[in-house]
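Me: Please guide me through this structure by way of questions and answers.

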Amino acid sequence: MRRLPNHRRRTIALAAAVVSGIVLTVLPASAAVTAPGLGDPYFPDDGNPGYDVSHYDVRIAYDPAHTDRLDGDTTVTARALTRLERFSLDLKGFTVASVKVNGAPAKVFSRAGAHKLFITPAHPVTKGSTFEVRVTYAGRPDPEGWHTLETGGANVAGEPHSATSWYPSNDHPSDKATFALTATVPDGWTAVGNGRPGPESVKDGRRTFRWFEDRPMATYLSTVAIDRFTVHRGRTAAGTPVITAYSPDAVIDAEAEAQQTEILDFLASKFGPYPFSSAGAIVVGASKEPNDGPLALETQSRPTYGSMLFDASMVHENTHQWFGDSVSFKDWRDGCVAECFAQYAGQLWEEHKGADLDRDYYRSEVAEYADDPSFWSVRLYDPGPGKELDGALYFKGSLMLHALRRTVGDEAFFRTLRTWTRDHAYGNASFRQFEALAAKVSGKDLKGFFAAWVDGTVIPPHKYLYPGTLGASAR
């Protein structure tokens, strides 16, 4: 999914961030017709500004013996933000057999660009009304998000794009929606998705699995994984169901699996209650294509991992359930809303296990990169197109959060984190809002701090680089 950062770091599974799109804008009907997308600064063709999706009902059939074909039947429920005489969904590849709007065949539908499906309904959709779009389609899933496995199975994971590889959507993280998956596969295979499982059924040698995510989800966080999985079940201390699925060639490590619930409980103690109805992991084996698919990705409620579970990766991906999945960013300039926090959580876990972060982490990292201008040159907010998930968001961002903690003190720092995850739960927020919240909670003027760390492109001045106890240890 994501390349490893350029800087040499300790081994860690990097996850995709829940980086979200721009605020939806109510446009005139003519603009909704002609706009190529929502206008995201980095991905301007993604999404459509004319409607707000509330729910996806995705139904697929897939036979691992025929990897060139997925049959799909997806219904998108949305509210029109303007009168819609023509609108678009995002879908890459496939042959579209039919499109219906509110049960009536579309007057016209056509393909354009890399992933646009333009639809002219038989009757214009009135502003403010709720409408349904049903699309039936078939073909080879796009490998940007759909990955075939050496076991014969497949899984979906990718950032910033993966949803368009298997169902039509308003593919922008600012338009989050609930999600239902119905996946039919040959009997003997298992399909795993987001959220909680529903009833299974068997007919004519095929088994149908159902999964429901009842909290809004950014499209790139949706997933399905199909394999001959071994599935383990458990619960967190708070009672959240934990469902963990292993591909046949994945490593099943009972100690690591037990640590998964320990990590979830630890993160809840720092960030507030776990935000979703279920938790767990999808652990897939080798892909058929070298370097294909993510090392790890925070697919909502059930992160996806490659080959095995280990603590650094589990801390990172599960932190995203709060930072990125529940609280998603407003646009792709805001990757720090997800990655800065997920990376720093790894340090909190090390501290929980006995590390002195000032000495064992912060001072050594700053010393290692003090004379490396490239390490400091990427802005944490609006790093630039192509850098939306740059390594700086992980590593410079993690250092920034530790420096902020030492600036405002532990009580204010962790109260800020819990307030953030509570006040913006299941929505979208910008790092600029986090800056304002940190200042409000701490009662401190943090403009200089954030200007140096977030917007700066050189190593921060000494007073921001070594605040609080860091200053004492730097002498």
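This is a predicted model: local features need pLDDT of at least 70, side-chain atom pairs count only at pLDDT 80 or more; totals for chains, interfaces and linings use all residues.

Me: Which radius of gyration does the protein chain have?
Reply: The radius is taken over C-alpha atoms, and the globule rule is 2.2 Å times the number of residues to the power 0.38. For 475 residues a compact globule would come near 23 Å, and the protein chain agrees with this, having 22 Å.

Me: What share of the residues of the protein chain counts as buried?
Reply: Buried means under 20% relative accessible area, exposed means over 50%, and partly exposed lies in between, using a 1.4 Å probe and protein chains only. Among the 475 residues, the buried share is 61%.

Me: How many helices and strands are there in the protein chain?
Reply: Both are DSSP runs numbered from the N terminus: helices (H or I) have at least four residues and strands (E) at least two. The protein chain has 12 helices and 23 strands.

Me: With which strand does E2 pair over 10 bridges?
Reply: Two strands pair if DSSP finds at least two bridges between them. Strand E2, residues 70-80, has nine of its 11 residues buried. With E1 (residues 51-62), E2 pairs in the antiparallel sense over 11 bridges, and valine 58 stands opposite threonine 74. The antiparallel pairing over 10 bridges joins E2 to strand E8 (residues 130-139).

Me: Is the ring pair of phenylalanine 329 and tryptophan 332 stacked, tilted or edge-to-face?
Reply: Rings of Phe, Tyr and Trp (its six-membered ring) pair if their centres lie within 6.5 Å; planes under 30 degrees apart count as stacked, over 60 as edge-to-face and the rest as tilted. By this rule there are 35 aromatic pairs. For phenylalanine 329 and tryptophan 332, the centres are 5.3 Å apart and the planes stand at 55 degrees, so the pair is tilted.

Me: Is threonine 219 buried or exposed?
Reply: Threonine 219 lies in the loop between strand E15 (206-217) and strand E16 (224-227). Contact means heavy atoms within 4.5 Å; leaving aside residues up to four places away in sequence, threonine 219 touches several residues, including Tyr56, Tyr167 and His172. Because its relative accessibility is 2%, threonine 219 counts as buried.

Me: Which relative accessible areas do serine 301 and serine 307 have?
Reply: Most residues other than glycine have a negative phi. Phi is positive in serine 301, near 75 degrees, and in serine 307, near 80 degrees. Serine 301 is buried, with a relative accessible area of 0%, whereas serine 307 is partly exposed, at 36%.

Me: Is the peptide bond from glutamate 159 to proline 160 cis or trans?
Reply: Most peptide bonds are trans. Proline 160 belongs to the loop between strand E10 (154-156) and strand E11 (177-186). With omega near 10 degrees, the bond from glutamate 159 to proline 160 is cis.

Technical notes: Residues are numbered from 1 along each chain as its sequence is written. Side-chain values use heavy atoms; hydrogens and water are left out.
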